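Trainee: Could you go through this structure with me, step by step? I would like to ask things as they come up.

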Amino acid sequence: MQETQAKTVTFIVSRQDSPDATPYQEEFKLEYRPNMNVISALMEIRRNPVNSKGESTTPINWDMNCLEEVCGACSMVINGKPRQSCTALVDQLEQPIRLEPMRTFPVVRDLQVDRSRMFDSLKKVKAWIPIDGTYDLGPGPRMPEKKRQWAYELSKCMTCGVCLEACPNVNSKSDFIGPAPLSQVRLFNAHPTGEMNKAERLEQIMGDGGLANCGNSQNCVQSCPKGIPLTTSIAALNRDTTFQSFKSFFGSDTV
Amino acid sequence: MAGNREFFYRRLHSLLGVIPVGLFLVQHLVVNHFATKGEEAFNDAAHFMESLPFRIFLELFIIFLPLLFHAIYGLYIAFTAKNNTVKYSFFRNWMFMLQRVTGVITLIFVVWHVWETRIAAAFGAEVNYQMMENIFENPWMIAFYIVGVISAIFHFANGLWSFFVSWGITVTPRSQLISTYATLGIFIALSIVGIRAIFAFV
Ligand code: HEM
Ligand code: SF4
Ligand code: FES
């Protein structure tokens, strides 16, 4: 038997009209539909932007792309936890569902944040494998299958920003680049061709805002939606930079 | 090196926390433990330490300067963190927060303790069993010393854990877990030594 009164879902959304505007909260009540997730709810609100007081309001801004937890764009703080809204199922969330932007990043509008700092960090640490040349460099060395499988886990990072949001040392008082780009250094240093730039990447993360800013709270590894072993990467890089600093100080091959 | 200043300072901070400051802490606790063997045993041990050759240089380079650097840079580190144990109440995050809190408590305690003993000695007071007994006539001082000593020991033991990570010694989660148990053991053992010494004067 269908219930006569429709089940509803309540959302409390933190809103902000512009990057410098003061945030405020707005409540929305939606009709429950089976299997709805946070994004489908936000889309529903966009279709009919009326808050729980019955006032019409502006549609909510948020970012999204893949809708299958591989792009990282839709990350936001849901009931206090940073995660992807596309895989946040309403059935599994306590109500009212509170949505907030990840304030570690500059808020563009409402739930949309600007994650450029992460992409800038990836450029800084050269998170790629240089294969371009003026002539064909050939196929390059092969990676053992076992190592490839291991590296695949690290390559799952989608630059979502959850680990930066969870880190107590990533904040407005520090310029720490955060766990994600560090783990990428470990990934690209492990690749047989990428290894050629290993020293360069290590020297980069030994600079300001780099690896040494980690204080081992280990929130990142607990929070990463992709289960990336971030703290193992950080400790491994601590070891690599220990050797690198001895090499460059005492002057055996620095490259 | 110029570009790596922060890296160098952080590693120096980490190293100094263990060598020499941490080793000094252990030595200091062990010497104080002689108080449990009676007044004479404590005075003999303290006197032996006082009569080490080049005492002022030992104090300066093994204790004062390393501790000063560690404390000042440590305060800077502690106040750049934005603690979030309410939202992320994971074990390691609590340790992270406590590392910073106990650092600050230790600093307050050490300043007071040095003022009361070493600075007083510089002005002619004699640091001996009698002096500590007098200090502990005040029950608030007993409480203050217990808090200070436990903080310093916690800070050292947990700092040792993070030292092993900072230098890339414990890399795997398993080695870090075993290191947690080992440093917990150090915390408990040194706490017993420290508290027994305090109560030997009461
Ligand atoms: C006097 C005031 C002190 C302050 C403010 C202070 C502060 C700090 C802070 C904030 C850290 C965390 C660094 C990080 O995780 O990156 C730390 C680490 C540490 N501290 Fe202290 N500390 C003080 C005194 C001491 C003392 C007396 C000892 C030794 C008994 C000590 C030993 C250590 C050790 C071993 C570490 C670990 C270093 C690492 O992470 O590699 N500290 N200290
Ligand atoms: S490491 Fe994990 S939490 Fe951090 S950005 Fe990558 S996917 Fe997100
Ligand atoms: S939309 Fe891509 S992760 Fe959610």
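Trainee: Is A:N171 buried or exposed?

Mentor: In this predicted model, A:N171 counts as buried because its relative accessibility is 9%, where buried means under 20% relative accessible area, exposed means over 50% and partly exposed lies in between, with a 1.4 Å probe and protein chains only. A:N171 sits in the loop between α4 and α5 of chain A, helices being DSSP runs of H or I with at least four residues, numbered from the N terminus.

Trainee: And what does the side chain of A:N171 reach?

Mentor: It reaches the backbone nitrogen of A:K173 at 2.7 Å, and the side chain of A:N171 also reaches the backbone oxygen of B:T80 at 2.8 Å. A polar contact is a pair of N or O atoms within 3.5 Å; within protein, one must be able to donate a hydrogen and the other to accept it, and residues adjacent in sequence count only if both atoms are side-chain atoms.

Trainee: New topic: what coordinates the iron atom of ligand 1?

Mentor: B:H70 and B:H155 do so, each through NE2, at 1.9 to 2.0 Å; donors are N, O and S atoms within 2.8 Å of the metal (3.2 Å for Na, K and Ca), and water is not among the atoms, so sites may look incomplete. B:H70 lies in helix α4 (residues 55-80) of chain B and B:H155 in helix α7 (residues 139-166) of chain B, so the pair ties together parts that are 85 residues apart in sequence.

Trainee: Are those two buried or exposed?

Mentor: Both B:H70 and B:H155 are buried.

Trainee: Which residues come nearest to ligand 1?

Mentor: Of the 25 residues around ligand 1, those are B:R10, B:S14, B:H70, B:H155 and B:S162, a residue being near if one of its heavy atoms lies within 4 Å. The site is shared between chains, because residues from chains A and B surround ligand 1.

Trainee: How far are the polar side-chain atoms of B:R10 and B:S162 from an oxygen atom of the ligand?

Mentor: For B:R10 the distance is 2.7 Å, and for B:S162 it is 2.4 Å.

Trainee: Which element gives the most to that shell?

Mentor: That is α7(B), with seven residues.

Notes:
Residues are numbered from 1 along each chain as its sequence is written. Chains are lettered from A and ligands numbered from 1 in the order in which they are written. This is a predicted model: local features need pLDDT of at least 70, side-chain atom pairs count only at pLDDT 80 or more; totals for chains, interfaces and linings use all residues. Side-chain values use heavy atoms; hydrogens and water are left out. Helices (H or I, at least four residues) and strands (E, at least two) are DSSP runs, numbered from the N terminus.
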